[in-house]
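The stops below go from a helix pair to a strand and its neighbours.

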Amino acid sequence: MNEAPHILLVEDHREIRDLVQRVLQREGFRVSLAADGRAMRKLLADNRIDLILLDLMLPGEDGLSLCRSVRTESRVPIIMLTAKGEEVDRVIGLEMGADDYLPKPFGSRELIARIRAVLRRAPFVSEPGRQAGRYRFDRWVLDVERRELLGEDGVSVPLSSGEFDLLLVLVERPQHVLSREQLLDLARGRNAAPLDRSIDTQISRLRRKIERDVSEPQLIKTIWGSGYMFTPAAEPLRRGD
């Protein structure tokens, strides 16, 4: 049985598809190719896909719309590929549920590094170095093994892979001020690019899901000029507590 991660590349330019396919296969990944949203959906329905490389500019339904559609029914990690270098495009992609982004043109080493970093954080992959178990804070329980956030009623709150990892970083470091660069490095496994503000977007998304009043956040505080601080003490729980 082939256990190599299965990557779905959604890209309408044949030359780019062929080039990226060769790079991925050389690194030992299985690769499926799609030129548009229809082909992407068929491959997702017929295969277990471990990660999607999704181009922003596609014929017909664009990458942002496809990302949003996938995220409503699946937590499969998504890396957006975009020729647009504007920060707003990256932010919109993250808002739609993408786990990372990679502006074109990109080098093969950076592509592989990003894929491996996202796969390490994927819901079905255990990330080395992190403590298994659960944490209780405020009215929430964060289940690390199952990668779930549970409310008081036991109902799971949907989190993207990136949101879960960011929340786990905060929960494991309560009452510590963490800069954006530290959060990016800890949550994504890579150094932050200069002026990368995507962490602000994910903080905003987390606040909408866990704060009682988003206009006056109490759990994730902004420390002006420094970064963010997770204020509640997180109580480690044993399985069965």
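Helices (H or I, at least four residues) and strands (E, at least two) are DSSP runs, numbered from the N terminus. Axes are lines fitted to C-alpha atoms, for helices over the stretch in contact, and angles run from 0 to 180 degrees between N-to-C directions. This is a predicted model, in which local features need pLDDT of at least 70 and side-chain atom pairs count only at pLDDT 80 or more, while totals for chains, interfaces and linings use all residues. Residues are numbered from 1 along each chain as its sequence is written, and side-chain values use heavy atoms, without hydrogens and water.

Select helix α6 (residues 161–171) and helix α8 (residues 198–210): they pack at an angle of about 85°, with axes 10 Å apart. That makes α6 roughly perpendicular to α8 (65 to 115 degrees).

Next, show the side chains in contact (heavy atoms within 4.5 Å). From α6, G162, E163, L166, L167 and L170 meet I199, Q202, I203, R205, L206, K209 and I210 of α8.

Move to strand β4 (residues 78–82). Five of its five residues are buried, so β4 is largely enclosed by the rest of the structure (buried: under 20% relative accessible area, 1.4 Å probe, protein chains only). I78, M80 and T82 point one way, I79 and L81 the other.

L54 has M80 in β4 as its bridge partner.

Finally, select strand β5 (residues 100–103), parallel to β4 and joined to β4 by four bridges. Here D100 is the bridge partner of I79.

Definitions and conventions. Angles under 35 degrees count as roughly parallel, over 145 as roughly antiparallel, 65 to 115 as roughly perpendicular and the rest as oblique. Buried means under 20% relative accessible area, exposed over 50%, partly exposed in between (1.4 Å probe, protein chains only). Two strands pair if DSSP finds at least two bridges between them.
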